[in-house]
Amino acid sequence: TTGKNTTSETERYANLIPMKEIQSIQDRLFPFSIYDTLRKTTPVRYDQTRACWDVFRYEDVHYILKNPKLFSSNRGVGNKQGNILKMDPPKHTKMRNLINKAFTPKAVNELTQRIQDVTTFLLDQVKAKGTMDMIHDFAGPLPVIIIAELLGVPTKDRELFKTYSDILVAGAEDGSDEAFKVMMKKRQEGTMFLNGYFKDIIQERQRSPKDDFISLLLAAEIDGEKLTEEELLGFCILLLVAGNETTTNLIANAVRYMVEDTDIQEQVRTNLSLVPNLVEETLRFYPPVQAIGRMATEDVEIGGYTIRKGAQVISWVAAANRDEQKFAQPDRFMLERHPNPHLSFGFGIHFCLGAPLARLEAKVALSMLLTSFSKLERVEHVELEPIQSPFVFGVKSLPIRLSL
Ligand code: HEM
């Protein structure tokens, strides 16, 4: 078959229904050997159930992301939300140039002190307890507080943000129609809530601008035109969802790895200049975003298969990052890996705008965590539970024992 299907239903299925090979909790906690098998046996394949192509090899994933003309980000669901992730050039280029200004390495570096202060505050709250839930107490709040401050929304609302961004990244519980409907309903409610929430803030800033991101975007123009309210809303919600959940999982996935591999934990603790390597290797090894979706704009050949115009194509970054054609000893976590051309922030024109911020937050958070405690350990009897989304790699909660 050719997967010639452009309905919005199709995109939703491809995104939100787990592939049949990865269903059990155990497989979702450790999917990488399954990706390995798929990459070796069916590097490019059409999945009937999810109505999409899956691509697993580094070379092929790289090719797809490098060719936005052949593989569109606007996957046939319209673009009512003004979501930059779903735009193609030329609109994408304009939108991106506009918001890029706020995310330059310089602008981000100026946040270092604030990130350190928030990290100190979060660590102080758990120090005396001797344990913490890595997600709830640390990796969850940090990015939410920082992004809320950047956007200029009250940090007291961060619990709300967390709740709604969880809802917006969640997939269906299982492959049933019932589960799909429940999820879609929750998503609609989530989007409606956040739309209303940000609409109020945007109107407030229209009346009296402040020194924050929303005010900056309100004043910005593309070719003499302001962003529409929809574009603004879409962007605020994207930052909240794309920026938080992912950074939370990056920090937590690094800790999850370090409690499994105490040698690595010790190496980094005794030589903090290795923290950036720890961050990059965590991105490769445990990528917070496992897959990236596109739609073919014309008939195109990949790995000997013809993908038809209009078909959904899912690029499995989590599989590509462990392709032995690209990485030596791909299943070893190597702090000394250099270069480390993982695809975890994407590649090409949609390369993650928040990468400098995510890297900085992870660097500060992990350095301070390692120096605050002499040892981080898993609380053994607690079973890990994967986040309910086929695209996100992370756990819902990660209890950690802390030794001073
Ligand atoms: C795009 C991952 C953090 C904002 C992307 C893409 C990936 C990604 C894979 C490309 C999607 C595609 O090509 O379709 C991640 C990961 C993060 C992270 C793994 C943390 C570890 C952030 C943060 C922000 C952010 C902190 C903002 C505060 C964005 C935006 C785009 C994007 C706006 C769209 C760029 C475009 O379409 O041109 N991210 N992200 N991300 N990310 Fe991130």
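**Close-up views of a predicted model**

View 1. Strands here (E, at least two residues) and helices (H or I, at least four residues) are DSSP runs numbered from the N terminus, and two strands pair if DSSP finds at least two bridges between them. E7 and strand E10 (residues 312-316) run antiparallel and are joined by 5 bridges, and Met295 stands opposite Gln312 in E10. Residue numbers start from 1 along each chain as its sequence is written. Because the model is predicted, local features need pLDDT of at least 70 and side-chain atom pairs count only at pLDDT 80 or more, while totals for chains, interfaces and linings use all residues; side-chain values use heavy atoms, with hydrogens and water left out.

View 2. Contact means heavy atoms within 4.5 Å, and the angle, on a scale from 0 to 180 degrees, is taken between the N-to-C directions of axes, which are lines fitted to C-alpha atoms, for helices over the stretch in contact.

**View 3. The antiparallel sheet of three strands.** A further open sheet has 3 strands in the order E4-E12-E11, with antiparallel pairing. Strand E4 (131-133) and strand E11 (375-378) stand at its edges with a single partner strand each, so one side of each has no neighbour in the sheet. From one strand to the next, the twist averages 30°. Over 3 bridges, E4 pairs in the antiparallel sense with strand E12 (residues 399-403), where Pro399 is the bridge partner of Asp133.

**View 4. The shell around the ligand.** Of the 27 residues around the ligand, those that come nearest are His92, Arg96, Arg294, His350 and Cys352; a residue is near a molecule if one of its heavy atoms lies within 4 Å of it. Polar side-chain atoms lie 2.6 Å from an oxygen atom of the ligand in the case of His92 and 2.8 Å from an oxygen atom of the ligand in the case of Arg294, while an N or O atom in the side chain of Arg96 is 2.7 Å from an oxygen atom of the ligand. The elements giving two or more residues to this shell are helix H5 (91-100), helix H13 (229-260), strand E7 (291-296) and helix H17 (355-372), and the largest share, 7 residues, comes from H13.

**View 5. Cys352 and the iron atom.** Cys352 (SG), at 2.3 Å, is the only protein donor of the iron atom of the ligand; donors are N, O and S atoms within 2.8 Å of the metal (3.2 Å for Na, K and Ca), and sites may look incomplete because water is not among the atoms. Cys352 has its place in the loop between helix H16 (317-320) and H17.

View 6. Most residues other than glycine have a negative phi, and most peptide bonds are trans. A cis peptide bond with omega of about 5° joins Pro89 and Pro90, and Pro90 lies in the loop between E3 and H5. His338 and Pro339 are likewise joined by a cis peptide bond, with omega of about -5°, and Pro339 is placed in the loop between H16 and H17. Ala51, although not a glycine, has a positive phi of about 55°, and lies in the loop between E1 and E2.

Terms used. Polar contact = N/O pair within 3.5 Å; in protein donor to acceptor, adjacent residues only side chain to side chain.
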